[in-house]
Structures are given as structure tokens and as C-alpha cells.
Amino acid sequence: FDDGYRSFYTNAFPILKKYHVKASAYIISQDIGHEGNVTWDMMKELAQSGLVEIGSHTVNHKDLKKLSDNEQRFQM
């Protein structure tokens, strides 16, 4: 699942739990807690469920191909 939208937590996560299905969620770290995105508490619950692996999408969803090496490292 991509970007860390709150709908992943409210819509998909209950289904994952119901059927014991594992998933990966790649989160834009700068957007955590913003309207429409997962919160830190939601991410903690996802991670502790044992069903969701959380990975870093980027800091703020910039096009990595257009960034310098240092900027790419920061984003990742």
C-alpha cells in the first residue's frame, strides 16, 4: 500500500486482520498525522499487529530522478 493514506487503516487494515493477510505499507514520513493520512498511533498499531510491514516511501514524495544524490539520500 502506497503513501500512508488513512483509508488504508480504516478500510484495508480491518480486512487484513479478518483474513490474517500480511501487507506492506510505504509511508510518506512528512505526511504522518496530516489530514487524510495515518497517525503515529495508527502506525504503531499496524506495526504491532504483525500483519503490516512499514517502509519508508520518502520524506515528501519528490521525484527522486530529479534530485541530487544527497537529496535522494535524505528522501530515502
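Mentor: A residue counts as buried when its relative accessible area is under 20%, as exposed when that area is over 50%, and as partly exposed in between. The model is a predicted one, and by this cut-off 32% of the 76 residues of the protein chain count as buried.

Trainee: What makes glutamine 75 count as buried or exposed?

Mentor: Its relative accessibility is 3%, and since buried means under 20%, glutamine 75 is therefore classed as buried. The residue sits in helix α3, which runs over residues 69–75. Leaving out residues up to four places away in sequence, glutamine 75 touches Ser56, Thr58, Val59, Asn60, His61, Lys62, Leu64 and Leu67.

Trainee: Which class does aspartate 3 fall into, and how do you know?

Mentor: The value for aspartate 3 is 9%, and because the limit for buried is under 20%, aspartate 3 is placed among the buried residues. It belongs to strand β1, residues 2–3. Apart from residues up to four places away in sequence, aspartate 3 touches Tyr26, Ile27, Ile28, Asn37, His57 and His61.

Trainee: How far apart in sequence and in space are aspartate 3 and aspartate 31?

Mentor: Aspartate 3 and aspartate 31 are separated by 28 residues in sequence and by 8.6 Å from C-alpha to C-alpha. For the protein chain as a whole, taking contacts between residues at least 6 apart in sequence, 64% join residues at least 24 apart.

Trainee: Where does histidine 20 lie, and what makes it buried or exposed?

Mentor: Histidine 20 is in the loop between α1 and β2, and its positive phi comes just after α1. With a relative accessibility of 67%, and with exposed meaning over 50%, histidine 20 therefore counts as exposed.

Trainee: What class does tyrosine 5 belong to, and why?

Mentor: Tyrosine 5 has 44% relative accessibility, and because buried requires under 20% and exposed requires over 50%, tyrosine 5 is called partly exposed. It is found in the loop between β1 and α1, and, with neighbours within four places in sequence left aside, tyrosine 5 is in contact with Gly36, Asn37 and Val38.

Trainee: How do you know whether aspartate 41 is buried or exposed?

Mentor: Aspartate 41, whose place is in helix α2, has a relative accessible area of 64%; exposed means over 50%, so aspartate 41 is exposed. Aspartate 41 and lysine 22 are 19 residues apart in sequence, and their C-alpha atoms are 19 Å apart.

Trainee: How does the reach of helix α1 compare with the expected value?

Mentor: Helix α1, residues 6–19, has 14 residues and reaches 20 Å from its first C-alpha to its last. The expected span is 1.5 Å times one less than the number of residues, which comes to 20 Å here, so the reach of α1 is close to expectation.

Trainee: Where in α1 does the kink lie, and which of the residues of α1 are buried?

Mentor: The kink, about 40°, is at alanine 12, shortly before proline 14. Phe8, Tyr9, Ala12, Phe13 and Leu16 are the buried residues of α1, and their cover includes β2 (23–28), α2 (40–48) and β3 (52–58).

Conventions
Residues numbered from 1 in each chain as written. Predicted model: local features only at pLDDT ≥ 70, side-chain atom pairs only at ≥ 80, totals over all residues. Heavy atoms only, no water. Buried < 20%, exposed > 50% of the residue type's maximum accessible area, 1.4 Å probe, protein only. Contact = heavy atoms within 4.5 Å. Helix = DSSP H or I, 4+ residues; strand = E, 2+ residues; numbered from the N terminus. Bend = angle between axes of the 7 residues up to and from the residue.
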